[in-house]
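Please look over the sequence and the structure shown below before reading on. The report that follows takes up a few places one after another.

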Amino acid sequence: MSFLLSGGAFHRVIVSAIAAIAATAGVAMGQTQPPAQPFAGGVETHAQQAPIIQGLSVTGNQRIEPETVGSYLPLQAGMPADPELLDLSLKTLFNTGLFSDVSLEMQPNGVLLITVKENPIVNRVIYEGNKRVKDDKITEEVQLTPRAIYTRAKVQSDTQRIIELYRAKGRFAAQVTPKVTPLDQNRIDVVFEVDEGPKTGIAKVNFVGNQIFTDSQLRGVILTKESRWWRFFSSNDNYDPDRLEYERELLRQHYGKEGYADFQVVSAVAELTPDRKNFFITFTVDEGPKYTVGEVRVKTTLAKLDGDALKRFVPIREGETFNSEKLEKATEAITFATGATGYAFVDVNPQLQRFEDTRTIDLTFQVNEGPRVYVERVNIKGNTRTLDKIIRREIRIAEGDPFNRVLVDRSRARVRSLGFFKEVAIEEKPGSAPDRTELDVTVEEQSTGSFSVGVGVSSTDNFIIDFSIQERNLMGRGQALTFRVQASSRTRLVDLQFNQPYFLGRNLNAGVSAFNQRTNFREAGFVRNRIGFGVNTGFFVSEYGRGGISYLLSKDDVEVDIPSALTISGTENPADILVPGAMFTATPATRFQRDAMGMLILDDEGRPISEPDLDENGLQRISVEAQQCDFLQLALTPTCQSRGNFLTSLVGVSLTFDTRNDPIRPTRGWRLGGSVRFAGLGGDVNYYQGEATGAIYHPLLLGLVGALKGRAGYIEGYGGDDVRLSDRFFEGASSFRGFEVAGVGPRFLTSSGAIRDDAGDITGQLPTRREGALAGQAIGAKAYAIGSAEILIPLPLPEEYGIRAALFSDFGAVGLVDDSTKILNNDPTQFIDTDGNGIGDLAPVQDDFAFRVTAGVSVSWDSPFGPVRFDFAEIIRKEEYDRTEGFRFSAGTNF
């Protein structure tokens, strides 16, 4: 008789075992058991004793070796076939997930026969009908993959996970049906048939129990939005149960900021409509009374600080409306203040005492020296590409140091400022002892390499085509390599840059660059071709300070290629009005015939009739065409003076201090920087230049952030050199909103017969003194001082929209040029006739270091098509010759 254990049929196992033992002893089931006979050696046996396993035999296996099957069993040859061990063996084999069926059978010869049926191997996993969720997104979530072992549990789990993915996308009507296609060699194809169904939206968001704020106001507080056709870019108009829990916290924060300290969300219920297309969400709230702040106290046991000193850091005043957000900020401010004075271990405990009769809350901040805690380990997590040391060298707190919240927050800001990570978080967790803590620095890598071809438009460059290959974290070592080619209506650029932080293992940054650039300064009437290379190094002078040294060697070729024409009398010699050696063309001048009314006279075909242009002596005038700077009359203009080839050898030093809390979107802190550069260490150009920048950020009321920024610069030649046109400062557009590019500052003026018109296009005419609007060319300035006051406005839009706005006012002055640049002002014949009386009354070179003011609104949008920015400006104060613009935009994309 056999001993069989299969599929958990444990009762049959016991019966079969007893029968087998009885048959072996020669006693039939149901007969009276004879007395036990002793074995040789004097050891007695019992009739129901389990047989001894003489060996193991595996059958039905295809891929799995018999030794592997046997290794899972708690039974081995020589052990008794105990029913409990047999049952455990059966469960163990099933739990491996390798088999769909298993049976154990004891053979008459004492061999335990193990019969298995292997689970099939997955050949392919196929998804059909999925359009809203791509295959790769599903593959990241499911367990079944090619060459994996198939089990029913896995396919059921994967089916549910796919459904959850669709629910997260707002499709609660989605259905997933798994199917299996058998193949040879015990292989299968697994097919998930997906019926995505309609998108489940939000039909209505209701609030019950709210008296202070309307439903509309509360809908603006939460992230979930009612489904509307214009929210095609948003994912917040579908139901997400995880987001619903977050909404509770948002409502609590909103009421807490308005003084309702007892507010609570009683319930948040989401009801799915019968057609499974929409949800109705209902929040039931209990607002409670509104509180004001009573007495504010700070108590401390710290020896070096008293409560009054710490109270100055508390942004809460008696009598104002209670604000839970300020309570958290006050706790943070006290922690920072004590940490900055050397107390690394501080426990700040805010205590609230409510008085319902007066509806006031007394606040007491109890500040005690907390238990001493030391950093045991700093763990870096999430960096799949960036080397650990790249992150660790930005951490301001080391293993073994006392824990300090200020340094932890500073470390997060420094790691975030690398620009390598999408998210940076530093969390504390208990160490090996109560006075030990571990810091987990968790980062989420983001793409630091890019290959892009960009196109865009802007008010400055008209069109832009940009090609670049950039890697800001080369091989995870923090190195930066950039190759860029750019072309626009204004600029052509080829640029190669390499930057090595922590050069030679020291806190020293080193970089090298080479470039070739052609820029059309049409506002100033010249084209500059520049080729050169540079080296630079940077180093920290303090925790918040950084210095730098740079060297640049460049060769400039400044071209003024503007064709012009001048009509002279028939008795004059063209060579007399041109510089020696100038190339020119002289042709008889003509003019169109006009009638007594001044109208053009036309021939039979409607074309104007021309006639010789005669001078006062009856001789035909001569039209002389040549390059603008070849005319003696214009050779001394600022533009023409800067023609030629120049070699510039430039050495610079810089110093910057930055205490901003966030280098990307700061809300508090300041930044101050300055640089000095000297040209003249070899080369053809001698000048010194200094520039300074500064900015301060501070949070205001209602979530606003104020920013005050400033820039100033000055350049001066030495050794007998004046400052060349291409080295001067040109301000306007993005640097002084409300003015065109180079639209503010000194100008070389002409009348309506200007060499360039308002659009900057060449007219081919010399300056005249006829009546008309002022026009001319920017000639740059030796000095500027520009400030900007901004209020960053939090828009009532989800952050994922990427839309930001700011109110601004730009103000400052731009001016000063060398005396040689004003040489034309010494010739009254060059003055501009502004009143039409035939007498020049305005000097051609205008240079007033005058105060200008603009104000407006700036809106930026990180759109799906690329960054877009709009500037709307109103001119408050300007000079007559300034070039203004009320609107400027720029947009672009990468593909």
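Which residue takes a positive phi in the hairpin of β31 and β32? The residue is Leu702, with a phi near 60°, and the hairpin has 5 residues between its strands. The model described here is a predicted one.

Strand β31 (residues 687-699) is joined by 11 bridges to strand β30 (residues 669-683), and the two run antiparallel. They form a hairpin with 3 residues between them, and across this pairing Ala679 stands opposite Tyr687 in β31.

Strand β31 also pairs with strand β32 (residues 705-717), in the antiparallel sense and over 13 bridges. Here Ala695 has Lys709 in β32 as its bridge partner.

## The sheet of β8, β10 and β9

Another part of the model is an open sheet of 3 strands, in which the order is β8-β10-β9 and the pairing is mixed. Its edge strands, each of which pairs on one side only, are β8 (201-208) and β9 (264-272). On average, neighbouring strands of this sheet are turned by 15° against each other, direction ignored.

Between β9 and strand β10 (residues 278-286), which run antiparallel, there are 8 bridges, and Val265 stands opposite Val285 in β10. Helix α7 (residues 241-257) lies across β8, β9 and β10, and it runs at about 150° to β9.

Asp630 is found in the loop between β28 (622-627) and α12 (638-641). Its relative accessible area is 14%, and because this is under 20%, Asp630 counts as buried. When neighbours within four places in sequence are left aside, Asp630 is in contact with Ile577, Leu578, Val579, Ala582, Met583 and Arg643.

Note on methods:
Residues numbered from 1 in each chain as written. Predicted model: local features only at pLDDT ≥ 70, side-chain atom pairs only at ≥ 80, totals over all residues. Heavy atoms only, no water. Helix = DSSP H or I, 4+ residues; strand = E, 2+ residues; numbered from the N terminus. Buried < 20%, exposed > 50% of the residue type's maximum accessible area, 1.4 Å probe, protein only. Contact = heavy atoms within 4.5 Å. Pairing = 2+ DSSP bridges. Axes fitted to C-alpha atoms, helices over the stretch in contact; angles between N-to-C directions.
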